[in-house]
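Keep the viewer open and click along.

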Amino acid sequence: MSAPESFQAIIVGGGLVGSAIAWGLAREGLRCVLLDEGDIAFRASRGNFGLVWAQSKGMGAPHYQRWTRYSANAWPELARELADAVGADVGLHQPGGVHLCLSDKEMADRADRMAQLAREAGNSLPFHYRMIEAAELREMLPALGPSVVGASFTPYDGHVDPLRLLHALHRAFTGAGGVYVPNAKVERSDAAPRDFRVFAADRMFEAPRVVLAAGLGNAALAPEFGLSAPVRPQQGQVLVTERVAPIFTMPTTSVRQTMQGSLLLGDSVAEVGYDISQKPAVMAEIARRAVLSFPFIARLNMVRAWSALRIMPKDGVAIYDQSEEYPGAFTANCHSGVTLAGAHARLLAPMIAAGQLDGMMDPFSARRFDVRDAA
Amino acid sequence: MYATRPEARPATVEVLVDGVAVLVPAGASAAAAVLLAGSAAIRETAVSGAPRLPYCMMGVCFDCLAEVDGAANVQACMVPVAPGMRIARQLGARDALMPEAGR
């Protein structure tokens, strides 16, 4: 073990959440180290679908709806600053997005959900949406199948290239003087108020701030810092088609066209623990809904498929917390590392740099679970 | 999957590579026909338009995408030749909305 290396912040987790926060802190002028576990980690950031999606987030949790909207609003600025910092084009396209409904019942359920979100949004940041019937939708999206009865639309949604985003965040972070350490699984830590030591990769790092953004790894790490992060894995699978000429003017929840031309098909959910094997039944269902939505997809070649694990907090709402026992220690957990990158880099990082989360973050504390469990 | 090397057999099957007749051995792949024809490229990539020729010859690299008998984005190395087969360059991304032969 060599001499301690001093920083102003240690970020544990080199995925999209950790990297966005790390870039935000570096941009604030903090000298940071970013610890990345390695390729044995369940890397949600390398398997996700790439939506910037505000529609349908935060039902029953207006603070989460608002946070997601803030992030969608911050996204163009994040894309611009990454372009300025490292010349990266992360492919942000944010024309609004649709969730397709394949039956009258799906359409009715969706309309109820959207109405509830609009009620919960209140007047400070109104939630504008439209339920669009098939005839109008067909003019917006060519090649829609006869099974599609309509869709919900909000103007906030869009998509990016998530791998380019991860790469751009890493480059921007290191370009701003940040130190990136790969193969750095946290082996041990010592916590004291605003005085942390983290041992990883046979090195010792110390800083007055530590940010736990290790995804599923946070569940085990957080208690070391007087925090808790009750998250579980939730599997999602993605199918990828050959590249085709541009077709879609906007993304949908389950089908989107990448900036290189591939179609990504996804939106599956399975509770199978730490299992990233692909399930033919799930793949078949993804393909079935994609073909019902856009029949031409049946003629396309599939070239890749994968599964990945979402980081799902108990109630589906993101967790942001600061340690009461050890001030200076923070957690960040969510299943929307792409969507929330704007908020993480531009809103959360400045709070962490200042040493304290804003009062608006209180409802995100994992203490909400203690109350519920006690009740 | 494993087949005899094509040069061990006589070239008896006539195919069209970019409209030019070429004789190739029976059992050779469409990608092999393109190489035998001495073509400069089998496709132009979907993203940058760069010219490409077959590379891995075993279905992995997708650099041999071609239009075979009117079907777009066919992995030419995975298709055995047939008399009269038309092998043409894949120019950029295919138009997915256009119905085509063989699909």
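A residue is called buried here if 20 or more other C-beta atoms lie within 10 Å of its own, exposed if 12 or fewer do, and partly exposed in between, with C-beta atoms placed from the backbone. Helices (DSSP H or I, at least four residues) and strands (DSSP E, at least two) are DSSP runs, numbered from the N terminus. This is a predicted model, in which local features need pLDDT of at least 70 and side-chain atom pairs count only at pLDDT 80 or more, while totals for chains, interfaces and linings use all residues. Residues are numbered from 1 along each chain as its sequence is written, and chains are lettered from A and ligands numbered from 1 in the order in which they are written.

Let's start with α5 of chain A. The buried residues of α5(A) are A:P162, A:L165, A:L166, A:A168, A:L169, A:A172 and A:F173. They cover an arc of only 165° around the axis, so they sit on the same side of α5(A); the arc is that of the directions from the helix axis to the C-beta atoms. What covers them includes α1 (16-27), β3 (32-35), α2 (62-86), β9 (179-181) and α8 (341-354) of chain A. After α5(A) comes A:G177, with a positive phi near 100°.

Now try α3 of chain A. Its buried residues are A:M107, A:R110, A:M114 and A:L117. Seen down the axis of α3(A), they fall within an arc of 90°, so they line one face of the helix. On the other side of α3(A), you'll find A:D104, A:K105, A:D109, A:D112 and A:R119 exposed. The buried residues of α3(A) pack against α2, β5 (97-101), β6 (130-133) and β7 (150-154) of chain A. A:G122 follows α3(A), and its phi is positive, near 70°.

For α3(A), residues 104-121, the 18 residues should span 26 Å, and the end C-alpha atoms are 26 Å apart, which agrees.

**Strands and their partners**

Two strands pair if DSSP finds at least two bridges between them.

| Strands | Sense | Bridges | Residues opposite each other |
|---|---|---|---|
| β2(A) (9-12) and β3(A) | parallel | four bridges | A:A9 and A:C32 |
| β10(A) (186-192) and β11(A) (195-200) | antiparallel | six bridges | A:V186 and A:A200 |
| β18(A) (319-322) and β19(A) (329-333) | antiparallel | four bridges | A:I319 and A:N333 |

In a regular strand the side chains alternate between the two faces of the sheet. In β3(A), A:C32 and A:L34 point one way and A:V33 and A:L35 the other, and all are buried. Strand β18(A) is also covered on both faces: A:I319 and A:D321 on one side and A:Y320 and A:Q322 on the other are all buried.

β10(A) and β11(A) form a hairpin with two residues between them, and A:R194 in the turn has a positive phi of about 50°.

Residues are in contact if their C-beta atoms, placed from the backbone, lie within 7 Å. A:I286 lies in helix α7 (280-293) of chain A and counts as buried because it has 21 C-beta neighbours inside 10 Å. Leaving out residues up to four places away in sequence, A:I286 touches A:Q237, A:L239, A:L265, A:G266 and A:S268.

A:R31 sits in the loop between α1 and β3 of chain A. With 15 C-beta neighbours inside 10 Å, A:R31 counts as partly exposed. Its contacts, apart from neighbours within four places in sequence, are A:F7, A:Q8 and A:G177.

**Where the chains meet**

The contact between the chains takes 14 residues from chain A and 10 residues from chain B.

Definitions and conventions
Contact = placed C-beta atoms within 7 Å. Expected span 1.5 Å × (residues − 1).
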